[in-house]
Amino acid sequence: MQTIPVLSIVGTSDSGKTTLLEKLLPELKRRGYRIATIKHDVHGFDIDKPGKDTWRHAQAGADVVVIASPDKVAMIEKTRRELSLDEVISRIVDVDLILTEGYKRGNKRKIEVYRACMKRELLCSPEELVAIASDTPFDIGVPCLDINDAAGLVDIIEATFLKK
């Protein structure tokens, strides 16, 4: 079984990680790739709606609730501890690339989103980075593209992770 490549989109809060993902995803799809995303949420989340059948299943004691339709499947699993990124990744199949949002301390290659108005240092070392998406230039031996250059960033992603 071939390992699915993983790329983390990282940056400080409000740097534009989600906005960048929203630009990369359509470009990757246009080029024919199947993509999974993983969003790290340190605050916890709830995607189920009170009163709906799946919510009622969980309230009655189910540890795993799955809802399936002809075109999608969702699984909500109660965990005893926070799963590592690799444990979450191991549950994903049938995609060409996994993009994560967050996991800035993880061991995956990264694109760092940087905005000059944040007035801070880069979070990552050059060795961790595939590229920097920024509104200001960097010369640290890593490609630095404009934060809006989705096509250029996807060119780098293709060359690094999706060699056919």
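Val10 has Glu112 of strand 6 as its bridge partner in this predicted model. Strand 1 and strand 6 pair in the parallel sense, over four bridges. Both belong to an open sheet of six strands, ordered 2-5-1-6-7-8 and paired in parallel.

**Sheet**
- The edges are held by strand 2 (35-39) and strand 8 (144-146); each has a single partner strand, so one side of each lacks a neighbour in the sheet.
- On average, neighbouring strands are turned by 25° against each other, direction ignored.

**Helices on the sheet**
- Helix 1 packs on the sheet and touches strand 1, strand 2, strand 5, strand 6 and strand 7. The direction of helix 1 makes about 165° with that of strand 5.
- Helix 4 also packs on the sheet, in contact with strand 1, strand 5, strand 6, strand 7 and strand 8. Its direction makes about 175° with that of strand 7.

**Nonpolar cores**
- The largest nonpolar core counts 24 residues, and Leu24, Leu28, Ile111 and Ile157 have the most contacts inside it.
- At least two residues of this core come from each of strand 1 (6-10), helix 1 (17-30), strand 5 (97-101), strand 6 (109-114), strand 7 (129-134) and helix 4 (150-161).
- Helix 4 gives the largest share of this core, six residues.
- Leaving aside residues up to four places away in sequence, Ile157 touches Leu7, Leu24, Leu28, Leu97, Ile111 and Leu162.

Key:
Residues numbered from 1 in each chain as written. Predicted model: local features only at pLDDT ≥ 70, side-chain atom pairs only at ≥ 80, totals over all residues. Heavy atoms only, no water. Core = buried A, V, L, I, M, F, W, Y, C linked by side-chain atoms within 4.5 Å. Buried < 20%, exposed > 50% of the residue type's maximum accessible area, 1.4 Å probe, protein only. Contact = heavy atoms within 4.5 Å. Pairing = 2+ DSSP bridges. Axes fitted to C-alpha atoms, helices over the stretch in contact; angles between N-to-C directions.
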